[in-house]
Amino acid sequence: MVRFFIFFIKLFILAALALWIIQIPGEVLIEWQGYRIHTSVGVSVGVVVLLSILFTCLYMIGQFFLKLKDRVIKAHTLRKYKKGYRTLLEGMLYFYGQDIEKIFEKSHKLQSLFPSPVLGLYMEAHENLRQNNNEAARKLFLKIKKEKEGLFLGLYGLTKIALKEKNNIQVKTLSEELYKLYPTLPWVLYTLFDVYLKEEEFEKAGLILDQIKPSSQEERKRKNSLKALLWYRRSQAPDLSRDEKMELLSYSNEFSPGFVPTACLYATYLNEDGKRSKSLKTIERAWQISQNFMLGHTYLSLSPVQDKLEPYRMALHLLDLTPDSSVAKLLVVEAALKGQLWGEARAHLEKISETERGAFYEELVAQLLEEESKDYEGAREKRKEAMMRLIAKDMMEGYA
């Protein structure tokens, strides 16, 4: 609409100028090299306008042909990019469908479609890595690293190989190179933190952890868990006094109350210092976050030695805190067996659903058969079932 309005303004100005020239007639005389041109002002202005239009048209046509080559090249490149991205998408679909031949076919095609072969090489390298062909993957990642656009992807892939091979020295070297390139990238920071923690370079690990900026509640929880792990690992140094260890464990427990190793060790130290109530609360707080046999057994170990029934009552308390926990149910049965409460053990075993029964359940049933009715044959069969459950579980985990 604005352009249309401007066009009419220009047209109006030209019409007004033409009318003004007609109303004020005049003559133009041009003499040059013996030639004499005599005409009116209106005609001379018209000739000038026509010549301007002609030269403008010639200039535009010339520009069109001069830029034609660039336009053809640009259009061809754009078609290649579109074809390349379509090939990339197809390759990703084959990758998730685990069609190895098609993945390699698409990766080779990608290398010819893009100016840089990085994407095609990366797809091929990633598939080799997934197929546990580490040497082939390493050669491709090294090739990617040499490309200007592929430095990060090359280092990233080589770091993944080093992690897979558990080569901590190489992981440290590569992740430090990645850190120089992208010092704020979360994956780089987490990887470098793990390396420093394994090397027991706790100061460096702490500095890296401080640089992680969580953007969600889950990431904040993860960072707090890592802080708890860092303080726990620092508390294990052999040259620390018991008070220093207690202080570090206190920091660890504060950052992540559900971190099991800290909760168990901190509660044990508190109990040894005569702070049984605080010790129990430490385990109970952790238990409500995550039910774990290590937590449960530590909690039951805090019961007075002279009272054989107290562990059973404490196990029932854990069950009250988390009624749906299969770990709590099994701990109650275990505590009942240790207290020789056969009826209570049997009653709680019957409450455990089929989906909650595993190898430990079968072992508890075997113990009940042995202790209560001296049925050693039945106990042996139950232990065979427990072994079969463990084998089946290992096979499923290996398959996954």
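Author: Thr191 is found in helix α8, residues 186-198. Helices here are DSSP runs of H or I with at least four residues, strands are runs of E with at least two, and both are numbered from the N terminus. This is a predicted model, in which local features need pLDDT of at least 70, side-chain atom pairs count only at pLDDT 80 or more, and totals for chains, interfaces and linings use all residues. Residues are numbered from 1 along each chain as its sequence is written, and side-chain values use heavy atoms, with hydrogens and water left out.

Reader: Is Thr191 buried or exposed?

Author: Thr191 is buried, at a relative accessible area of 7%. Buried means under 20% relative accessible area, exposed means over 50%, and partly exposed is in between, with a 1.4 Å probe and protein chains only.

Reader: What is Thr191 in contact with, leaving aside neighbours within four places in sequence?

Author: Thr159, Leu163, Val171 and Ser175 are in contact with Thr191 on that basis. Contact means heavy atoms within 4.5 Å.

Reader: Now helices α6 and α7. At what angle do they pack?

Author: Helix α6 (residues 151-164) and helix α7 (residues 168-181) pack at about 155°, and their axes are 9 Å apart. That makes α6 roughly antiparallel to α7. Angles over 145 degrees count as roughly antiparallel, under 35 as roughly parallel, 65 to 115 as roughly perpendicular and the rest as oblique. The axes are lines fitted to C-alpha atoms over the stretch in contact, and angles run from 0 to 180 degrees between N-to-C directions.

Reader: Which residues of α6 and α7 meet?

Author: From α6, Leu151, Phe152, Leu155, Tyr156, Leu158, Thr159, Ala162 and Leu163 meet Gln170, Val171, Leu174, Ser175, Glu177, Leu178 and Leu181 of α7. By class, that contact of α6 with α7 has 11 nonpolar, three polar and one charged residues. Ala, Val, Leu, Ile, Met, Phe, Trp, Tyr, Cys and Pro count as nonpolar, Asp, Glu, Lys and Arg as charged, and the others, Gly among them, as polar.

Reader: Different spot. Where does Thr268 lie?

Author: Thr268 lies in helix α12, residues 260-272. Thr268 is partly exposed, with a relative accessible area of 28%. Leaving aside neighbours within four places in sequence, Thr268 is in contact with Ser279 and Thr298.

Reader: How far apart are the C-alpha atoms of Thr268 and Leu302?

Author: They are separated by 7.7 Å, and the two residues are 34 apart along the chain.

Reader: And overall, how many helices and strands are there?

Author: The protein has 19 helices and two strands. Of its 400 residues, 33% are buried.
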